[in-house]
Amino acid sequence: MTSHPHSPRRAAGVALALSGACLWGTTGTSQALLVGEHSPVAVGGLRALVAAIALLALALLRGPVRWLRTLRTARPAWLMAAGLSVAAYQLTFFAAVDRTGVAVGTLVMLATAPGVAGLVGWLLHGLRPSRLWAVATLVGLAGAALLVLGSGGSRRLDWWGLALAVAAGAAFALYSVAGRELSGSGADQVSLTSGIFAVASLVLAVPLLRQDLAFVSEPRNLLVLGWLGVVATAVAYLLYQQGLRSIDAATASTVALAEPMVANLLAVLVLHEPFTVVMGLGVLLVLAGLGLLSRA
């Protein structure tokens with residue numbers, strides 16, 4: 001069961017999920033540092049593969065017996081659902097961004113995820129999201145909208161791209177639900193997350209093999225891919241997964257609204273993009289939404 005709204009355990013869960021979301025926010029700036037020709041599918045697939053290797057290595061270092069016991073006792077259906085959702089998110093989100101632009105694709109994905117997570121949690125366990133959660137989510141979404149639209153990068157309306165963005169949001173929400181179900185068993189989170197990414201990387205290996213991977217030979221790209229795979233994916237998902245032990249999937253999905261805030265601030269600091277009044281208001285609204293969420 002989810003912790004009491006004001007318990008230290010729940011606060012720690014929110015902080016862990018928020019830390020993961022902040023690390024996800026570094027992916028956009030990191031990918032902008034890649035050189036040479038590379039496709040979003042190649043980058044997404046390599047991120048998942050590097051993350052799977054890093055998580056497996058960490059799990060085995062902590063004890064092969066614990067790793068085997070965790071995966072043997074984990075509910076296979078939820079483990080498969082989590083892994084497939086992670087893979088589906090990688091494919092649909094990057095495809096959506098390619099067709100609609102970063103701003104629209106990100107906004108539609110972010111708008112979809114909390115609602116789907118709340119609805120699925122309600123259907124599974126009868127846990128109806130609170131009104132304060134709904135208000136916090138709407139405030140956070142308003143801030144995210146100002147951030148992603150204020151940064152520009154939108155394109156013409158593409159219905160197929162919008163559908164892919166909705167699918168990406170649903171995939172992220174379903175991962176959050178599945179991850180929550182797995183975390184509720186009290187199992188080792190490193191082992192669980194390694195199992196999730198083992199499934200995801202196997203699925204993504206199929207489209208990855210069809211990509212031109214010549215850009216990987218560049219030393220700079222190896223460093224960027226190392227960051228993306230180890231820190232922005234493996235560590236980020238591990239923190240988020242750990243947070244799911246103490247908070248429900250709907251709350252975790254709303255916490256993920258911090259991602260575009262971090263992404264935009266990094267773009268200003270590292271890529272020297274302009275910081276506008278609209279973006280500043282967006283940051284304030286996201287922070288206000290997270291503040292309300294801590295009380296929901």
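A salt bridge here is a side-chain nitrogen of Lys or Arg within 4 Å of a carboxyl oxygen of Asp or Glu. Keep that in mind as we go through a predicted model, where local features need pLDDT of at least 70, side-chain atom pairs count only at pLDDT 80 or more, and totals for chains, interfaces and linings use all residues. Residues are numbered from 1 along each chain as its sequence is written, and side-chain values use heavy atoms, with hydrogens and water left out.

Salt bridges to begin. The structure holds three. Arg 62 pairs with Asp 188, with the closest N and O atoms 2.7 Å apart. That pair links distant parts of the chain, 126 residues apart. Arg 62 sits in the loop between H3 and helix H4 (64-73). Asp 188 sits in the loop between helix H8 (159-183) and helix H9 (189-208). Helices, by the way, are DSSP runs of H or I, at least four residues, numbered from the N terminus.

Now burial. Buried means under 20% relative accessible area, exposed over 50%, partly exposed in between, with a 1.4 Å probe and protein chains only. Asp 188 is buried, at 14%. Arg 62 is partly exposed, at 36%.

Asp 188 has another partner. Arg 66 forms a salt bridge with Asp 188, closest N and O atoms 3.7 Å apart. Arg 66 lies in helix H4, 122 residues from Asp 188. Arg 66 is partly exposed, at 33%.

Next, Arg 75 and Glu 181. Their closest N and O atoms are 3.9 Å apart. Arg 75 is in the loop between H4 and H5, Glu 181 in helix H8, 106 residues apart. Arg 75 is partly exposed at 37%. Glu 181 is buried at 12%. And the network? Shared partners join Arg 62, Arg 66 and Asp 188 into one.

How do H3 and H5 run relative to each other? The axes of H3 (residues 40-61) and H5 (residues 76-100) come within 9 Å and cross at roughly 155°. That makes H3 roughly antiparallel to H5, a label for angles over 145 degrees. Axes are lines fitted to C-alpha atoms over the stretch in contact, with angles from 0 to 180 degrees between N-to-C directions.

Last, the surface. Leu 33, Leu 269 and Val 270 make a nonpolar patch of about 260 Å². Patch residues have over 30% relative accessible area and no salt bridge, and nonpolar side chains are joined within 5 Å. Areas are Shrake-Rupley, 1.4 Å probe. Val 270 lies in helix H12 (residues 258-270) and is partly exposed, at 39%.

Technical notes: Patch = residues over 30% accessible without salt bridge, like charges linked within 9 Å, V, L, I, M, F, W, Y side chains within 5 Å. Helix = DSSP H or I, 4+ residues; strand = E, 2+ residues; numbered from the N terminus. Parallel < 35°, antiparallel > 145°, perpendicular 65-115°, else oblique.
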